[in-house]
Amino acid sequence: MSISVMNSREGSRQIRKTVIVYLILTAVSIAVNNIYAQFGHGVRSAAMTLMFLYPLLGGALFYFTLGLIVPRISDRRNYRLFYNIYNSGIAVLTVGSLLKGILDIAGTASGYVQLFQVAGWAGTAAGLVCLIAMVFKRRELS
């Protein structure tokens, strides 16, 4: 077994591990919503109910598709930069949705919740820009 084969398996294993972690986070988001609804006297918030979509669509589905389209993406040079920025954006969006749900159920509002949305979408967009730049830079070299 050569080192390049081992590196290729390591790259696909990392993508698979990321998808599994995002699926676990999706389940945790659904559980938090249902547990919070038990103590919220039946009051629910759309922001908290739909919070699971960020890790499911933006995380698990995105990385699953990325792994199919570009199988060895994690072996590329700037992958870690994209990975950290993009995942931070998804995390900020999820936490912002949780916070908005808590405030909605409590019957109050805060202007800071919009900052979570702006920061989360900015982080996600910056991560995608890094990904696109990494893919096109690689194609120019080959």
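User: Where is the kink in α3 centred?
Analyst: α3 has a kink of about 30°, where the bend at a residue is the angle between axes fitted to the seven residues ending there and the seven starting there. This is a predicted model, in which local features need pLDDT of at least 70, side-chain atom pairs count only at pLDDT 80 or more, and totals for chains, interfaces and linings use all residues. Residues are numbered from 1 along each chain as its sequence is written, and side-chain values use heavy atoms, with hydrogens and water left out.

User: How many helices and how many strands does the protein have?
Analyst: Helices (H or I, at least four residues) and strands (E, at least two) are DSSP runs, numbered from the N terminus. The elements run α-α-α-α-α from that end. The count is five helices and zero strands.

User: Which residues of α3 are buried?
Analyst: Buried means under 20% relative accessible area, exposed over 50%, and partly exposed in between, with a 1.4 Å probe and protein chains only. Across the protein, buried residues make up 35% of the 142 residues. In α3 the buried residues are Y54, P55, G58, G59, A60, F62, Y63, L66 and G67.

User: What does Y63 touch, not counting residues up to four places away in sequence?
Analyst: Contact means heavy atoms within 4.5 Å. Y63 is buried in α3. With residues up to four places away in sequence not counted, Y63 touches I15, T18, V19, Y22, Y79, F82, Y83, Y86 and N87.

User: Are α3 and α4 roughly parallel or roughly antiparallel?
Analyst: Two packed helices are described by the angle between their axes and the distance between the axes. Axes are lines fitted to C-alpha atoms, for helices over the stretch in contact, and angles run from 0 to 180 degrees between N-to-C directions. The axes of α3 and α4 come within 9 Å and cross at roughly 155°. Angles under 35 degrees count as roughly parallel, over 145 as roughly antiparallel, 65 to 115 as roughly perpendicular and the rest as oblique, so α3 and α4 are roughly antiparallel.

User: How many nonpolar, polar and charged residues are in the contact of α3 with α4?
Analyst: From α3, Y54, P55, G58, F62, Y63 and L66 take part, and from α4, Y79, F82, Y83, Y86, N87, I90, L93, T94 and S97. Ala, Val, Leu, Ile, Met, Phe, Trp, Tyr, Cys and Pro count as nonpolar, Asp, Glu, Lys and Arg as charged, and the others, Gly among them, as polar. By class, the residues are 11 nonpolar, four polar and no charged.

User: What distance separates the C-alpha atoms of G58 and L93?
Analyst: G58 lies in helix α3 and is buried because its relative accessible area is 14%. Not counting residues up to four places away in sequence, G58 touches L53, Y86 and I90. G58 and L93 are 35 residues apart along the chain, and the distance between their C-alpha atoms is 9.9 Å.

User: Is S29 buried or exposed?
Analyst: S29 sits in helix α1. Not counting residues up to four places away in sequence, S29 touches M51, F52, P55 and T94. Its relative accessibility is 8%, so S29 counts as buried.

User: What is the phi of H41 near?
Analyst: H41 belongs to the loop between α1 and α2 (46-49), and at 78% relative accessibility H41 counts as exposed. Most residues other than glycine have a negative phi. H41 has a positive value though not a glycine, with phi near 55°.

User: Which residues does A37 contact, leaving aside neighbours within four places in sequence?
Analyst: A37 is part of helix α1 and counts as buried because its relative accessibility is 12%. The C-alpha atoms of A37 and T49, 12 residues apart along the chain, are separated by 9.4 Å. Leaving aside neighbours within four places in sequence, A37 is in contact with G42 and R44.
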